[in-house]
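Good morning, colleagues. Please bring the sequence and the structure up on the screen, and I shall take you through the arrangement step by step.

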Amino acid sequence: MEREDARRRPRRRHLKHPRSLAFRDENDNEPGPVKNAGQQTGPRLVIIQINAARAKAVNDEVRLHAVTTRADMLAIHEPATSHGKVTGFGLRVTSVYDTPRTGAAIIGFNKEISIMKMTEFCEADISCAELTGSFGTLILVSLYCKYNRKTRIFIRKLKNIVDARANREIVICADLNARSPMWGASSTNGNGKKFEQFLAESGLVVLNENRGEPTFQTVNGSSFIDATFASPGIARKLKLWRVEPWGQSDHRPIRIEFSFEDEVETPTRNARFCVNRARWEKYTESLLESKNDIQGTITEHADDVNKIADAISDSILKACNDAIPKSTGKYKQHAWWTSSLRNAKREAERLRILYLASMRGRSAQSTEQAKKNYETQRKLYQKEIRTTKKESWEIFVTKTSRENVWGLPYKIAAGKIKQRKPFSSLRKQDGSMTESWAETAKALLDTLVPDDSPRSDDRPQHRLRAKANAPSNGEDAADFTSQEVWYAMQRNTSGKSPGADGVIPEALKNALVILPEITNLFNKCLASGKIPSAWKKGAVVPILKPEKDEALAKSYRPICLLSLVGKTFERLIIDRAEGVIHQRNHESELQFGFKEGRSTEDAILKLRQLVEEDDSKYALALPLDISGAFDNLWWPSLMETLRKRSCPKNLFKLLVDYFRDREMSIVSSYAGASKHVTKGAP
């Protein structure tokens, strides 16, 4: 690490911008939100920059501070890691880093900010991400210039990022291990000169406003080695750049705030409901008040299924809003944080300030004694953190497991809950990478949702496609009874994610008072052969397959979230179709998948039985796996099979409309992409 005298004032940089009047209340237990002389009129972006020196206690402190002060993003260098993951920030944050023991990472706390990892620029000591939010779009870089690597390597990588930014604003939070008066040092060394040249060539500016406060302080001295660079456009939005006094790391945390005048219009998103605090009596009362609105949409016209479906979904959502509290979407403080820890932290910070004062000759206490007092208190504070965390976790596991043995502790231990990962830029067929969140979403849909092109049909396929919608000669299936509909509604699994309409399974399972209206809608769909448009729209959530290349679109598995009301109707259709199949012996005895009472274990036992019963010396098995079988299901072939098996006429007509005008989309708060579905299992 570079060192120098902290008492020398840095040279002022040339970029001018208004500074905020920021202060901390003397009575605050924790650092609070920055208070300003003027009222903020537009959106803001708050970034914390720090080097954690691989200390778990620092990770915990940073997470606590970020939550209490409403920070949006964190650029952290040398974070503490465990089992190849950055720890201490919880499972619900969005993390961007490349290698297991990364030197630089980006952590997203604000769920309204869409984050895309720019894979091509990330490596061991560099993390790069595109952020999209109410402020627009910008690139955030977390850079750790490791002391044993050549500076020119980092500068070359930064030049590549700057060249690829395509008119997007950029912010670089860096631990440079280099000195220059541009970011507060009293002199320039060789590495500092290289970064000065990079800034001149790239047109970036320095945001540091140290005012003599070093960013790195240790027992051997202090220096100015942490810096923040930005493009001129976003530099003009800078409201605050401040070295803060809290934290157990030798590197001082830096708070960076940008204020924006023009706010991008925020699309409406369905907030998560806290079902465990639901008032179901109030919910039922609200649904009863909406019954007349639903009944008013019921007419004799076939096209009114859309109006009825929308009225039912709106009524359920209104009742949820009236009776079920919503999640704030904000990250909560650590459950293990106590007043005792708060006092220990404040005492450690006080002794640290006294120790630094003694080093500068500003305290009557000897430097050796001040250092001993500070080190002793810091160790006690860190030990108390570890003890309190362990006790809090044991209490949580005991309480939660007593209520539900398959609850959160079990899911965490079984690896079923994983850290949230952002989108990653994807490698296209020409070798280039996607350049934005929207382009990445479109590339994923193009790969995961293949097109059915009639131009590629041969003659038999052309004939099959031409008669795909020809009616079936089967008898009509019977209408659905209220009892069947209610049973299908209860089969929705609690806790599952809702579709685009926002209806949660618990709300649908408690919608008994509108059961007649739901049954009427389902039977109207069956009679008219029409599916509501809202039920044909799916929200796709791409899930990265284990140990796959995140830069390839084929490495992702699409999870499609559909309307739960529509899925309930689909379940009834399947029940009717299965009745026909069982009645007419259309199923094979050798089918083990998608068959009640059968599983893959039965298939293995059957194979073993065939081998053991045969007297041959050798047995040869040819396993077959069809790649993308469900994604490439050809609808004309399916409809022809159903027609040959005399599918009930009204069910067949309904399925023809089911496959018409379907759409899948990947959306976030401020970006998205959609695509029409022409084949596959919707």
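The chain is divided into four parts: domain 1 covers 44-259, domain 2 covers 275-323, domain 3 covers 339-414, and domain 4 is made of 437-585 + 627-676. Please bear in mind throughout that this is a predicted model. As for spacing, the centres of domain 3 and domain 4, taken over C-alpha atoms, are separated by 53 Å.

Let me turn to the sheets. One of them is an open sheet of 6 strands with mixed pairing, in the order E5-E6-E2-E1-E16-E15. Which strands stand at the edges? They are strand E5 (94-96) and strand E15 (238-243). Each has a single partner strand, so one side of each is left without a neighbour in the sheet. On average, and with direction ignored, neighbouring strands of this sheet are turned by 15° against each other.

Within this sheet, please look at strand E1, residues 44-51, and strand E16, residues 254-259. They pair in the antiparallel sense over 6 bridges. As one point of reference, Ile47 has Ile256 in E16 as its bridge partner. Helix H1, residues 56-68, lies across E1, strand E2 (73-77) and E16. The helix H1 runs at about 165° to E1.

There is also an open sheet of 7 strands, again with mixed pairing, and its order is E11-E14-E10-E9-E8-E7-E17. Its edge strands are strand E11 (205-206) and strand E17 (423-424), each of which pairs on one side only. E11 pairs with strand E14, residues 226-230, in the antiparallel sense over 2 bridges. Here Val206 stands opposite Phe229 in E14.

I now come to the helix pairs. Helix H2 (residues 151-163) and helix H3 (residues 190-202) have axes that come within 10 Å and cross at roughly 15°. Are these two helices parallel or antiparallel? With angles under 35 degrees counted as roughly parallel, H2 and H3 are therefore roughly parallel to each other. The crossing of H2 past H3 is right-handed. On the H2 side, the contact is made by Thr151, Ile155, Leu158, Lys159 and Val162. On the H3 side, the residues are Asn191, Lys194, Phe195, Phe198, Glu201 and Ser202. By class, this contact of H2 with H3 has 5 nonpolar, 3 polar and 3 charged residues.

The next pair is helix H5 (residues 280-295) and helix H6 (residues 305-323), which pack at an angle of about 150° with their axes 8 Å apart. Since angles over 145 degrees count as roughly antiparallel, H5 and H6 are therefore roughly antiparallel to each other. H5 passes H6 in a right-handed crossing. The residues in contact include Tyr283, Leu287 and Ile294 of H5, and Ile312, Ile316 and Cys320 of H6. Charged residues take part as well, among them Lys282 and Glu289 of H5 and Lys318 and Asp322 of H6. Sorted by class, the contact of H5 with H6 has 9 nonpolar, 3 polar and 4 charged residues.

Finally, consider helix H12 (residues 482-490) and helix H14 (residues 515-528). Their axes come within 10 Å and cross at roughly 100°. That angle makes H12 roughly perpendicular to H14. Ser482, Val485, Trp486 and Met489 in H12 meet Leu515, Ile518, Thr519 and Phe522 in H14. How many charged residues does the contact of H12 with H14 have? It has no charged residues, with 6 nonpolar and 2 polar ones making up the contact.

Thank you for your attention.

How values were computed. Residues are numbered from 1 along each chain as its sequence is written. This is a predicted model: local features need pLDDT of at least 70, side-chain atom pairs count only at pLDDT 80 or more; totals for chains, interfaces and linings use all residues. Side-chain values use heavy atoms; hydrogens and water are left out. Two strands pair if DSSP finds at least two bridges between them. Helices (H or I, at least four residues) and strands (E, at least two) are DSSP runs, numbered from the N terminus. Domain bounds come from an automatic or database domain assignment. Axes are lines fitted to C-alpha atoms, for helices over the stretch in contact, and angles run from 0 to 180 degrees between N-to-C directions. Angles under 35 degrees count as roughly parallel, over 145 as roughly antiparallel, 65 to 115 as roughly perpendicular and the rest as oblique. A crossing is left-handed if the near helix is turned anticlockwise from the far one by less than a right angle, and right-handed if clockwise. Contact means heavy atoms within 4.5 Å.
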